[in-house]
Amino acid sequence: MSVKEQLENVIWYHQQVEAKLVQLDRLMELRRAMGKFVLNPKNPTEAKEFRTVETMEALNRVQQMIAMLHVGILELVHDYWDAKDLISNLENLKQKIVMELRYLCGKEWGQIVFIMGCTLDEVTQLHDKALVQLEELSKKKKKQ
């Protein structure tokens, strides 16, 4: 995978993490609600009625889904930090800022132009030069 492809994937990490966090929040709510209903019914004599195998299996599946989301989020965070480490190798501060805004913050080109106070041509030149340098750095690291 090229450096550009690796960095472009990072743009999607924000959205993926956000989606996983929303899913995680909903599953935690579901688990809490099921726990209250199943494990602490208002009428203790009804407790046996609600502690069916199917209900406990459902709680276990919710817990498994929560665990899978945790793993997915950790993987995305790891990939994000790999990209952050790669970008940190750039010596030119403006190039570093362009790459961080684009790939780590997920900003659109127009937003980067506004933030940097540069023209679109200047921003794309900084970006393209940074990509070349990062490709070279990546190749050097692979050889070592």
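This is a short chat about a predicted model of one protein chain.

Biologist: What does the secondary structure of the protein chain come to?
Modeller: Six helices and zero strands. Along the sequence the pattern reads α-α-α-α-α-α.

Biologist: How much of the chain is buried?
Modeller: Buried residues account for 30% of the 144 residues. The accessible surface is about 10000 Å², and 56% of that belongs to carbon and sulfur atoms.

Biologist: And the contacts, what share joins residues at least 24 apart?
Modeller: 66%, counting contacts between residues at least 6 apart in sequence.

Biologist: Let's go to α6. Where does it run, and what should it span?
Modeller: Helix α6 covers residues 120-143. Its 24 residues should span 34 Å, and the end C-alpha atoms are 35 Å apart, which agrees.

Biologist: Which residues of α6 are buried?
Modeller: V123, L126, H127, A130, L131, L134 and S138.

Biologist: New topic: Q95. Buried or exposed?
Modeller: Buried, because its relative accessibility is 3% and the cut-off is under 20%. Q95 sits in helix α4, residues 93-104.

Biologist: What does Q95 touch?
Modeller: L90, L126, K129, A130 and Q133, leaving out residues up to four places away in sequence. Among them, L126 and A130 are buried residues of α6.

Biologist: How many aromatic pairs does the structure hold?
Modeller: One. The rings are those of Y80 and W81, with centres 6.2 Å apart. Their planes are at 85 degrees, so the pair is edge-to-face.

Biologist: What about the accessibility of Y80 and W81?
Modeller: Y80 is partly exposed at 24% relative accessible area. W81 is also partly exposed, at 45%.

Conventions
Residues numbered from 1 in each chain as written. Predicted model: local features only at pLDDT ≥ 70, side-chain atom pairs only at ≥ 80, totals over all residues. Heavy atoms only, no water. Phe/Tyr/Trp six-rings, centres within 6.5 Å; stacked < 30°, edge-to-face > 60°. Buried < 20%, exposed > 50% of the residue type's maximum accessible area, 1.4 Å probe, protein only. Helix = DSSP H or I, 4+ residues; strand = E, 2+ residues; numbered from the N terminus. Expected span 1.5 Å × (residues − 1). Contact = heavy atoms within 4.5 Å. Areas by Shrake-Rupley, 256 points an atom, 1.4 Å probe, with all protein chains shown as cover.
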